[in-house]
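Here are my notes for your first look at this protein. Please keep the model open and check each point as you read.

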Amino acid sequence: MSATPTSSIETNHDARLPVGEAGVAALVAQIRSWGAELGFDAIRIADIDLSHAEEGLQTWLAQGFHGDMDYMANHGMLRARPAELVAGTVRAIVARMPYLPLQAERQAAGDDWRSIEWDRLRRPEAAAISLYARGRDYHKVLRQRLQRLAEKIAGVVGPYGFRVFTDSAPVLEVALASNGGLGWRGKHTLLLDRDAGSMFFLGEILIDLPLPVDPPVEAHCGNCTRCIDVCPTQAIVAPYVVDARRCISYLTIEHKGSIPIELRPAMGNHVYGCDDCQLICPWNKFAVSATLSDFDVRNGLDAAALVDLFNWTENEFNQRLEGSPIRRIGHERWLRNLAVALGNALRGPLPETARARLVAALRARAADASELVREHVAWALDA
């Protein structure tokens, strides 16, 4: 998140852009071309006026729907005001990068990749890990490539002010992306596109160049409520409103403490994140596979058993998941999540040999040094 050397962001913007509409249009086309070369499947120029999103953000925070994510409230309305976040900002280059692992497409062998994921959720001993987290940490991948894109622009226009972001600063990414026409906000609050579904990461470059903006696109959710209906914990409390405190992704990733007992049974075998609202979405039949090997599955996380992951020592956890977004939750929360999934498996029908294997693994950690782990293991064994 850096800028090319420049004495001041308060310069004559137009002087740095090509002369005439045709020249500016050629620059924008070049930016899109560079973006494609860097692995982005869509690049748009967005208006930074997010005033329309402020009321919703204020209401969401006031209702406490952000849970333990204090950082969501710490910056107040700064999230909806890019020009206050980075002085001089007049536009945002918004970018989209698909992450659906290539393996998923190959494994499906022509079948719908979503059926494979639904099947995993029906197997209680299998570990369900969100698709985006099975490969390399996307933060580094996107940030580095957005930085390179920003520097390529500098090679044409000269020094200019910019900052690169990807899920790393107080920015309303979906609102910005919607402004630029990358897609529309779905009822599950994720960005949707008719040609790419929602299986992609978002990133943005806040810039001080007055490039022509792309228009928003029309929403196409209609009367569909499948994402709301399928949510295991009913976290989507209304169209376009998620109570993070009930969301499995929040509970398994952001939440640091004990998982509420009343929500544990509904978590099933989800141990890191949840894709259910995306799996059910009709638009994801058009989901685009990743073009970068960074998002290839690592450590067999697309076919892992709960017991095997639960048996990892802390050293194994750190070594195997080096470079993975999962590593940031730490071994303690990893074991917490797995204990809940193991407990849910024990609460259903299992062959006796499988049940014995799960119980043995849990008992081996019944006296874990972590009180958090011990609590969730005890709950699991109380099945």
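This is a predicted model: local features need pLDDT of at least 70, side-chain atom pairs count only at pLDDT 80 or more; totals for chains, interfaces and linings use all residues.

The points below cover an annotated set of residues, then the aromatic rings.

1. Next, the annotation. An unreviewed UniProt entry lists Arg79, Asp167, Leu191, Leu202, Ser249, Cys274 and Asp275 under "binding site". These residues spread over 197 residues of sequence. They are spread in space as well, with up to 25.3 Å between C-alpha atoms. From this set, Cys274 and Asp275 belong to the lining of the largest cavity.

2. Look at serine 249. It lies in helix 10, which covers residues 248–254. Leaving aside neighbours within four places in sequence, serine 249 is in contact with Glu254, Gly273 and Cys274.

3. Now turn to cysteine 274. Its place is the loop between strand 10 (270–272) and helix 11 (276–279). Is cysteine 274 buried or exposed? Cysteine 274 is buried, because its relative accessible area is 15% and buried means under 20%. Not counting residues up to four places away in sequence, cysteine 274 touches Ser130, Ile248 and Ser249.

4. On to the rings. The structure holds twelve aromatic pairs. One of them joins tyrosine 138 and phenylalanine 201. The ring centres are 4.3 Å apart and the planes are at 10°, so this pair is stacked; the cut-off for stacking is under 30 degrees. The pair links distant parts of the chain, 63 residues apart. Tyrosine 138 is in helix 7 (residues 138–157), and phenylalanine 201 is in strand 7 (residues 200–207). Both residues are buried.

5. Compare tryptophan 283 and phenylalanine 286. Their ring centres are 6.1 Å apart and their planes are at 40°, so the pair is tilted. Tryptophan 283 counts as buried, because its relative accessibility is 19%. Phenylalanine 286 has a relative accessible area of 36%, so it is partly exposed.

6. Which residues do ring pairs link into a cluster? They are Tyr99, Tyr132, Tyr138, Phe201, Tyr272 and Phe295. The stacked pair of tyrosine 138 and phenylalanine 201 is thus found again among the cluster members.

7. Finally, charges over rings. The charged end of arginine 347 sits over the ring of tryptophan 379, 3.8 Å from the ring centre. Arginine 365 has its charged end over the ring of phenylalanine 310, 5.4 Å from that centre.

Notes. Residues are numbered from 1 along each chain as its sequence is written. Side-chain values use heavy atoms; hydrogens and water are left out. UniProt positions are given in the numbering used here, feature names are shortened, and annotations may be inferred rather than shown by experiment. On a 1 Å grid over the protein atoms alone, a cavity is a set of points where a 1.4 Å probe fits but cannot get out, and a pocket is an open set with protein on both sides within 12 Å along at least five of seven lines; lining residues have an atom within 4 Å of a point. Helices (H or I, at least four residues) and strands (E, at least two) are DSSP runs, numbered from the N terminus. Contact means heavy atoms within 4.5 Å. Buried means under 20% relative accessible area, exposed over 50%, partly exposed in between (1.4 Å probe, protein chains only). Rings of Phe, Tyr and Trp (its six-membered ring) pair if their centres lie within 6.5 Å; planes under 30 degrees apart count as stacked, over 60 as edge-to-face and the rest as tilted. A charge sits over a ring if NZ of Lys or CZ of Arg is within 6 Å of the ring centre and within 35 degrees of the ring normal.
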